Amino acid sequence: MADSESRVCRKTYSSSVGEVHPDVQFAALEAQTRRHFLRSLSSGVGALFMGTIASQVTHAAIVGGAAAEGTRLDFRRDPTTPLLALPPQFPAKVRRVIYLHMAGAPSQLELFEHKPELKRFDGQDCPASFLAGKRFAFISGVPKLLGSQYPFHQAGQSGQWISDRLPHIEQHMDDLCVIKSMRTDQFNHAPAQLLVQTVNPRLGYASFGSWVLYGLGTENQNLPGFIVLLSGGKSPDGGKQLWSSGFLPSVYQGVQCRSHGEPVLYLDNPSGVSRPLRRTMLDAIDDINQQTYAAFGNPETVTRIAQYELAFRMQMDATDAMDIRKEPEGVHAKYGAKPGKASFANNCLVARRLAERGVRFIQLYHWGWDSHGSDAKEALNLGFADRCREVDQPTAALLSDLKQRGMLEDTLVVWGGEFGRTPMRENRNGQEMKYIGRDHNPGAFTIWMAGGGVKRGVSHGETDDMGYEIAKDPVEIRDFHATMLYLLGFDHHKLTYQFQGLQQKLTSVKPARVVTEVLA
């Protein structure tokens, strides 16, 4: 704006509001956004516009059946108390979620999918029908069919099939609900992981954990309500966007913690700063932020206040929650945990400790399941077996621990990857590789659940004789999320957030259904 124009605006604005200093008033005018401007209008075009929109929303809600007695048209949360624990929309089956994401996509054909016909055709050329119109990450030419690399057997009273790679999880087969008919439309890791966690393969959308925290808040105000733990030596391909809050206020994003060393980097006060001094500093900052929020109403200002206060409280509680040295030696042995090390076993033990302390959503990522066979670490008969050993005992110990403490009844435990693996052996440039591996298969993969509200000792859905495509009861990613929200006490249509003129929801705009067949 030119200086002459600026002076005119200052003079005009000053005369319209009284004797307040013109520079102060003009600064407020410059800081005002279009959203604030429209919100301040109570008559004229603004009122007409808002009235029209309101009538459209009301009409849509009534036509869509959202205004049924005893329900809310949408979900509303007071921005000044963003983490306050709230009741769900209807009685919930579970209070918390522990999600174990096997980053890289473990092969269902080596773990839960017993396919004798695939074994019978092992080593034969793949049928042309398996290749026509398909996209693969690496396969080219005509690959060979590949039977499972490990023997299968039936386990428990339920008689569910499982390979010999998971002997500890096998002891809990009667507690598991195994969904064998999951499918996705993404065949690369990052977008597939985003789809599994946010129901959208693109960046900028809120993760499932963020939606849960937004809807329910957290029971422990001294710890983050959504905590993320990593193991396997690398971060998942989707990166921090997998636990991002997207368009939700940033207070709902996951907080990455560690099961060794300082739980959260830079959480402790720097040298020379005492806890009382830190409290004084925060009080001063909070006063400034409260004034800013009162002036402009930006919810991110409230988020900033909440995050500062949470970090202050976490200095005492987070270290205690993450300190597995306080567990008896017998518990360490049960999980295979080793204090001071970074491991999936340590993270599973921390997950149980966090669940006991009221953390709402606990997410574990274990990297290394991308079994292409390009080297020994990615070979189904080598590295894959190592990954199984790393997760088998700790996962079983977590289930057992929750059950013994009476917590499995109100906890949802989820285990799975982002897509499946092909029934063909991977080749590169049409040539057979030294190590044995499988390419990505978005057409079919397996996820299992355990805990409150889900059937136990059952398998849902079926794939064809080769484990390549869904043959019965397909489950889309958005169906799976709608089902998990239902277990937490939410109708996925009504847990919403206003953003860019839309009532955004976790399951997006495509049709989604609760998979009632897996509910107890």
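Where is Gln-500 found? Select it and look: Gln-500 is in the loop between β18 (496–499) and β19 (502–505). Strands here are DSSP runs of E, at least two residues, and helices are runs of H or I, at least four, numbered from the N terminus.

Before moving on, note that this is a predicted model, where local features need pLDDT of at least 70, side-chain atom pairs count only at pLDDT 80 or more, and totals for chains, interfaces and linings use all residues. Residues are numbered from 1 along each chain as its sequence is written, and side-chain values use heavy atoms, leaving out hydrogens and water.

Stay on Gln-500: its phi is positive, about 55°, although it is not a glycine. Most residues other than glycine have a negative phi. Gln-500 counts as exposed because its relative accessibility is 67% (exposed is over 50%, buried under 20%, partly exposed in between, with a 1.4 Å probe and protein chains only).

Now jump to Val-199, in the loop between α7 (189–198) and α8 (208–216). Its phi is positive too, near 65°, but at 10% relative accessibility Val-199 counts as buried.

Next, select helix α13, residues 383–404. Of its 22 residues, 16 are buried.

Technical notes
The expected span of a helix is 1.5 Å times one less than its number of residues.
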